[in-house]
Amino acid sequence: MTTGPLAFGCWRFVQMSPAEARDRIETALVARMNLIDTADVYGLDWGGTGFGRAEELLGAVLADAPNLRDRIILATKGGITPPVPYDSGSDYLRSAVDESLRRLGTDMIDLYQIHRPDLFTHPEELATTLAALREQGKIREVGVSNFTLAQYDALTSYLPFPIATSQPQYSAVHLEPLRNGEFDRLMRDKVTPLAWSPLGGGALAHGEGTRAELVETLDRLAEREGTDRSAVALAFVLAHPSKPVAIIGTQNLDRIRAAVAALDVRLNRNDVYDIIEASEGVPLP
C-alpha cells in the first residue's frame with residue numbers, strides 16, 4: 001500500500017468513545033490519510049488515562065470495524081518508558097512490540113518506529129532485535145523518530161534491510177531538517193520523512209507566537225491560492241523533494257477534512273524561499 005501525502009497522528013487520540021474515535025479514522029481516510037501513526041506512550045498526555053491508552057482505543061476501533069485494517073498503514077512507536085525515560089534494549093523492545101500488538105488487536109505492525117533514541121543501547125543490539133521481530137512477522141517495516149544523523153547512520157549500518165521512514169519535526173517554523181542534512185540523507189537513502197508537528201503545534205494555524213512576517217507571507221499566498229494559512233503551511237512541508245508525509249495531529253473533524261486542501265496548493269520556488277526567509281528573519285545569501 002502506498003502512503004498518502006498526509007497521515008493521521010494519535011497523540012491527542014484520547015478522551016473519546018470508540019465510536020467517536022472511529023469517526024476520526026474514517027474521516028482521515030476520506031482525507032487521504034491512510035497512515036495512522038500512534039505510539040505506546042500516547043495516552044499519558046492531553047488528558048489521557050495512561051500508557052497505552054491511545055493504542056487500546058485504536059484497537060477498539062479496528063475490532064469494531066475490521067474492514068478498516070486493510071485500508072490503513074498501521075504505524076506505532078516504542079522505546080519511551082516513563083520515568084526511565086528510554087529503553088531500546090532487546091528484552092524491553094520485544095516485550096513492547098508484543099504489548100502493542102495486543103493493544104492494537106493485530107498480528108503485525110506495518111511500521112514500527114523507535115520513538116526516541118536510547119543512548120545506552122548499542123545500535124547493533126537494536127538492529128538485531130528489529131531484524132528478529134521482522135523475521136518473526138511481528139513488524140513489516142522499521143522507522144526511527146527524532147534520531148540525529150549520526151544515530152541514524154549507526155543503526156542503518158547494522159540493519160540487514162533498508163530503513164523505511166524517519167520522523168523529524170518539520171514545519172515553516174522548524175526548518176532544522178533543511179539545514180542539518182537530514183533531508184539530504186533521506187533522499188540519498190530513499191527513506192520517507194514523516195514530518196511531525198507540520199503546523200508548529202498549531203502556531204501556524206492561529207498565528208500566535210509566530211513571526212509577523214511569516215504570518216503575512218502565508219496569508220498572502222493563501223489569498224492567492226483561495227485557501228487558508230494552514231493549507232499553505234502544510235503545502236510548504238509537502239513541497240520538499242524528499243516527499244515528506246505530513247502527520248496531522250488535530251482531532252477536530254472539520255480540521256481533518258480541511259487539511260486535504262493543502263494538496264491543491266501550488267507553491268513555486270519564490271514561494272517556498274519567501275516562506276523560509278520570513279521564518280528565519282534574514283535574507284538568503
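1. Start with helix 10. Ten of the ten residues of helix 10 are buried, so this helix is largely enclosed by the rest of the structure. The buried set is made up of Arg229, Ser230, Ala231, Val232, Ala233, Leu234, Ala235, Phe236, Val237 and Leu238. Keep in mind that this is a predicted model.

2. Next, the packing partner. Helix 9 spans residues 212-225 and helix 10 spans residues 229-238. The two pack at an angle of about 100°, and their axes lie 8 Å apart. Angles of 65 to 115 degrees count as roughly perpendicular. Helix 9 and helix 10 are therefore roughly perpendicular to each other.

3. Which residues make the contact between helix 9 and helix 10? Helix 9 contributes Val215, Leu218, Asp219, Leu221 and Ala222. Helix 10 contributes Arg229, Val232 and Ala233. By class, this contact has six nonpolar residues, two charged residues and no polar ones.

4. Now Glu182, which is found in helix 7 (residues 182-189). Is Glu182 buried or exposed? Glu182 is buried, because its relative accessible area is 8% and the cut-off for buried is under 20%.

5. What surrounds Glu182? Neighbours within four places in sequence aside, Glu182 is in contact with Phe147, Leu149, Ser166, Pro168 and Pro177. One of these, Ser166, also has a side chain joined to that of Glu182 by a polar contact of 3.4 Å.

6. A last distance. Glu182 and Thr3 are 179 residues apart along the chain, and their C-alpha atoms are separated by 20 Å.

Technical notes
Residues are numbered from 1 along each chain as its sequence is written. This is a predicted model: local features need pLDDT of at least 70, side-chain atom pairs count only at pLDDT 80 or more; totals for chains, interfaces and linings use all residues. Side-chain values use heavy atoms; hydrogens and water are left out. Axes are lines fitted to C-alpha atoms, for helices over the stretch in contact, and angles run from 0 to 180 degrees between N-to-C directions. Helices (H or I, at least four residues) and strands (E, at least two) are DSSP runs, numbered from the N terminus. Angles under 35 degrees count as roughly parallel, over 145 as roughly antiparallel, 65 to 115 as roughly perpendicular and the rest as oblique. Contact means heavy atoms within 4.5 Å. Ala, Val, Leu, Ile, Met, Phe, Trp, Tyr, Cys and Pro count as nonpolar, Asp, Glu, Lys and Arg as charged, and the others, Gly among them, as polar. Buried means under 20% relative accessible area, exposed over 50%, partly exposed in between (1.4 Å probe, protein chains only). A polar contact is a pair of N or O atoms within 3.5 Å; within protein, one must be able to donate a hydrogen and the other to accept it, and residues adjacent in sequence count only if both atoms are side-chain atoms.
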